[in-house]
Amino acid sequence: MPPLPPPGLGAPAVLERIAAAAARAGRDPSAVTLVAAAKTVEPDRIVAAGVADVGENRVQELAAKQEALAEYAIRWHFIGRLQRNKVKAVAGRVALVHSVDSVELAHEIGRRAAEAGAVQPILIQVNVSGEASKGGVPVAEAPAVVDAVRAVEGIEVRGLMTIPAPGDEAASRAAFRTLEAAAAALGLSELSMGMSGDFEVAVEEGATIVRVGTAIYGPRPPAGGG
């Protein structure tokens, strides 16, 4: 299985910005994983970006790109909202599911992963901002949900994920600090937080994974996000 080419498109600049943000926080840049959020991005541009960790929001798109790029050593992440009736296509087929927002969904992932002879690493999505339009468990409920999901066979809880409300840097920083404190209290090491508009702030506040699309691939249609 061949490796991807060296980082291209906007990835080198993003990696430089991650390194600079880590340095400002006294952190090792290698402790931060860049996930290229590739919703609506064509397979050839995923290869051109040269980022080994790739995130997809849609199950159908994930499956198609996994098949198209099967020759490459890509670690696939599922970063969108996952419906229980589509879990079979994801469980045991990705390096990490970022968006588990209920104990019921975790049970379905665990069941399907066990059927595939796998243990599926996941993150619990926390709705730090309390927005009704976003998935995720409320901050106050996160400890109970994490405890319940840790007991599910076929699941490995690695950490937490959040998407803060759009706003200024101070609001994003406060959201990231809240998530970091929650993860620390639960003994969880992974923090998936930060996208194209705020990933540097996220790195300064402890992110171990950033999900970046537009800053790597350039502007895309509104459905692209990232």
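Is Arg 112 partly exposed or buried, and at what relative accessibility? Arg 112 counts as partly exposed, at 22% relative accessibility. The model is predicted. It holds 16 salt bridges.

**Helix H1**

- Helix H1 runs over residues 11–24, which makes 14 residues.
- At 1.5 Å a residue, H1 should span 20 Å. Its end C-alpha atoms are 20 Å apart, in agreement with that value.
- The buried residues in H1 are Ala 11, Val 14, Ile 18, Ala 21 and Ala 22.
- Viewed down the helix axis, the buried residues of H1 fall within an arc of 100°, so they line one face.
- An α-helix has 3.6 residues a turn, so residues three or four places apart point the same way.
- Glu 16, Ala 23 and Arg 24 are exposed on the other side of H1.
- Gly 26 follows H1 and has a positive phi, near 70°.

- Glu 115 and Arg 112 form a salt bridge, with their closest N and O atoms 3.3 Å apart.
- Both residues belong to helix H4 (residues 103–115). They are 3 residues apart, so about one helical turn separates them.
- Glu 115 is exposed, because its relative accessible area of 51% is over the 50% cut-off.

**Arg 173 and its partners**

- Arg 173 is buried, with a relative accessible area of 16%. That value is under the 20% cut-off.
- Glu 169 meets Arg 173 in a salt bridge of 2.7 Å, N to O.
- Arg 173 and Glu 169 lie in helix H6 (residues 169–186), 4 residues apart, or about one turn of the helix.
- Glu 169 counts as partly exposed, at 48% relative accessibility.
- Arg 173 also forms a salt bridge with Glu 204, at 2.9 Å from N to O.
- Glu 204 is in helix H7 and Arg 173 in helix H6, so this pair ties together parts 31 residues apart in sequence.
- Glu 204 is partly exposed, at 22% relative accessibility.

Terms used:
Residues numbered from 1 in each chain as written. Predicted model: local features only at pLDDT ≥ 70, side-chain atom pairs only at ≥ 80, totals over all residues. Heavy atoms only, no water. Helix = DSSP H or I, 4+ residues; strand = E, 2+ residues; numbered from the N terminus. Expected span 1.5 Å × (residues − 1). Buried < 20%, exposed > 50% of the residue type's maximum accessible area, 1.4 Å probe, protein only. Arc of directions from axis to C-beta. Salt bridge = Lys/Arg side-chain N within 4 Å of Asp/Glu carboxyl O.
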